[in-house]
Amino acid sequence: MSSKPPHILESSIEYLKGVGPVKADMLKKEMAIFTFRDLVMSFPFRYVDKTKFHKIREITPESDTVQLRGVLRRLEVLGEGRKKRLVGRLRDDSGAMELVWFRGITWVERDLQVGSEYIVFGRVNAFNKSVNIAHPEMELVTAENTQKASTFAPVYPSTEKLNSKGLDAKGRQRIIKTLFEKLSAQDFPENLPEYIVKKLRFPSHYEAIRGIHFPTSQEELDAARKRLKFEELFFLQIRLLQIKGHRKDAVKGYPFSKIGDYFHTFFNTKLPFELTGAQKRVLREIRKDLGSGVQMNRLLQGDVGSGKTMVGLMCMLMALDNGFQACMMAPTAILAQQHYISIQEYVKGLEISVAFLAGSVKGKKRKFLLEELAAGNIDILIGTHALIEDPVVFKNLGLAITDEQHRFGVKQRSKLWKKNSPFPPHVLVMTATPIPRTLAMTLYGDLDVSVIDELPPGRKQVTTVHKNENHRIQVFGFIKNEIAKGRQAYIVYPLIEESATLDLKNLEEGYEAVSREFPMPEYNISIVHGRMKAADKDYEMQRFVKGETQIMVATTVIEVGVNVPNASVMVIENTERFGLSQLHQLRGRVGRGAEQSFCILMSSFKLSKEGRERINTMVRTNNGFEISEADLRLRGPGAMEGTQQSGILNFRIADLAKDNKILEVAREIAIRILEDDPNLEKVHHATLKYYLDNHTKKIKGWSRIS
Ligand code: ADP
Ligand code: MG
């Protein structure tokens, strides 16, 4: 069999006319453009509209780039030395404005003709109340350019280095144009089934690719964009769903066939409250997974305080009922300890052996615990990542729960899978960091997701306010009032790794100020931060939990999971330094009891636009999903917690913050196609399959590593 010569699009980029080895090297290093295809598939990120002319009178300090047509009226060199500049005056039938050059003055001056008509293009600068354009593009009006079709000029991502090598906006436009002269529709065969293209009224693949680089109208550009965004999201969904499908075929799990005594007795005699509707629904979803004979791999999302721990516990009881052990891993010792205490409390009298393992459990105690675990005498093990260390061996682990899963690394999570054989344990990962739907569908497209979208009854919404230094006395007074009513308060300082020393000073100074304001013996204060020894942290924590201290001064170590229902005030210092999801977590520490709770966001006077927006978001809403949507809008998907390790989110053109409608359609169609044809073997899916196999990123299933 003779093999076909490679397609022109697979040619190495240096062979493109006008590129050559030096520029090619830059394109490879700076932009990961290796082939003609890579160049074609690297899309403009914005366009400059050259289809219309602006009037000088319409220009305001807010105008961005403008295209003008007018007569150059004056041209003179002003100023001396570093202030030397060339100033021109452009006039159209609506008014006049200034053009200015700081560099290449002699050359520009020689080139321009006063009294002639120009097409002028550039970005508007505003200062004081006047505007000008610096270093505009100037083109003499000729018979030719008044006739040629004006366009949207594409602007491609670039870097300093590329600019310096002649691959600035114009250079890049030039090479892509050169390339397209060699290409035709045959080089871009359709990659979506025809019935989808028809149904969604898309342009062809070729038209879309052409349209994204060389749009001639806004409509053409919009259609091209929509189709290419769809392609990107659709192919990813197909892949994720295929992985999910294969996993269900491949990974067997222990069927938990029965609900037995542990569960029933607990449910009937121990459960201290009525489960919420959402908790019940989620338990049913999990129950179905556990009984199916396929390994469960489920993400449980639920806002802070929605009652995930109870759901986790009841799942563990199902494991016990079927003769298995279960474990729950939490990201901090404080949180693990708290789970241990509350779960022990819940199951008291049920003859369930619950044990705790963290770095602090050492020596004989640890040795004994590990022996008991291996012998099957421990039913439920709760702990930190100490759980996944190699010497920790279970007799038969049937269910592994990870709390606050985003806090763990990929490797740590994957180790849980290996804690049992021949089948891996069922896996439930819980998170209180709500993830916007679009992100969840992408990041966890291959994972089953349950959502607790309802809080236990009787919860009062936390009241949130924004204050600054001027209100300090008032804030302290407010805390005193709450303490007088028998409540407790948190005061939290930021602690960010890079500036840990500075932050610690911050915290210590804060602690001193608080101590002066709230003197002993009337008040007692706990302090907890990440640099303390585990035992000291624990001691301080416990004092607060027991109500021996009224104020907890802390860093974000208390962010996750800590549960003190009597605490009703959360003061956050330097709020502008926290991310939205962190703020939401922190606020979730209060409002856990019957009392009205308060969150006071302290900040400096000067705030960045984004900082202000984050604070406003917190004041406006308590809804975790709304907050995460805002976070996604403000920071983009790549910056969201828990997404950093995933290359999945590096899109060419799709934008998860904006393209949720397209994503929903793409996912729905992908699901329907795979239901009908799981391996894409049918004739009408041949083009799709070919494109997927040859031209899309290979991705690793997220779930494999969860
Ligand atoms: P999270 O989802 O943030 O982990 P927790 O599991 O810590 O929430 O639950 C928060 C509080 O709500 C706990 O004190 C828990 O006992 C209580 N709780 C959980 N479910 C219910 C319910 N159905 N009714 C009343 N209180 C509940
Ligand atoms: Mg929790």
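Helix H22 makes the greatest contribution to the lining of the largest cavity, with four residues, where helices are DSSP runs of H or I of at least four residues, strands are runs of E of at least two, and both are numbered from the N terminus. The model is predicted, so that local features need pLDDT of at least 70 and side-chain atom pairs count only at pLDDT 80 or more, while totals for chains, interfaces and linings use all residues. Side-chain values use heavy atoms, with hydrogens and water left out, and residues are numbered from 1 along each chain as its sequence is written.

The largest cavity has a volume of about 60 Å³, and a search of the whole structure finds two cavities of 30 Å³ or more. On a 1 Å grid over the protein atoms alone, a cavity is a set of points where a 1.4 Å probe fits but cannot get out, a pocket is an open set with protein on both sides within 12 Å along at least five of seven lines, and lining residues have an atom within 4 Å of a point. Ten residues line the largest cavity, and Thr433, Pro434, Ser581, Gly624 and Ser628 are those nearest its centre. Helix H20 (580-587) and helix H22 (624-635) each supply at least two residues of this lining.

The largest pocket has a volume of about 1,600 Å³. Among the 47 residues that line this pocket, Lys50, Glu137, Ala153, Lys170 and Gln173 are the closest to its centre. Helix H6 provides the largest share of the lining, eight residues. Because domain 1 (1-51 + 152-183) and domain 2 (52-149) both give residues to the lining, the largest pocket lies between them; the domain bounds come from an automatic or database domain assignment.

In the largest nonpolar core, which has 69 residues, Ile13, Val40, Phe230, Phe234 and Ile238 touch the most other members. Such a core is a set of buried Ala, Val, Leu, Ile, Met, Phe, Trp, Tyr and Cys residues joined through side-chain atoms within 4.5 Å, and buried means under 20% relative accessible area with a 1.4 Å probe and protein chains only. Helix H9 (residues 218-250) gives the most to this core, with eleven residues. Domain 1 (1-51 + 152-183) and domain 3 (261-452) both give residues to the core, so it lies between them. Apart from this core lies another, of 62 residues, including Met314, Val347, Val354 and Phe356.

Notes: Chains are lettered from A and ligands numbered from 1 in the order in which they are written. Buried means under 20% relative accessible area, exposed over 50%, partly exposed in between (1.4 Å probe, protein chains only). Grid points are joined across faces, edges and corners, and a volume is the space filled by probe spheres set on the points.
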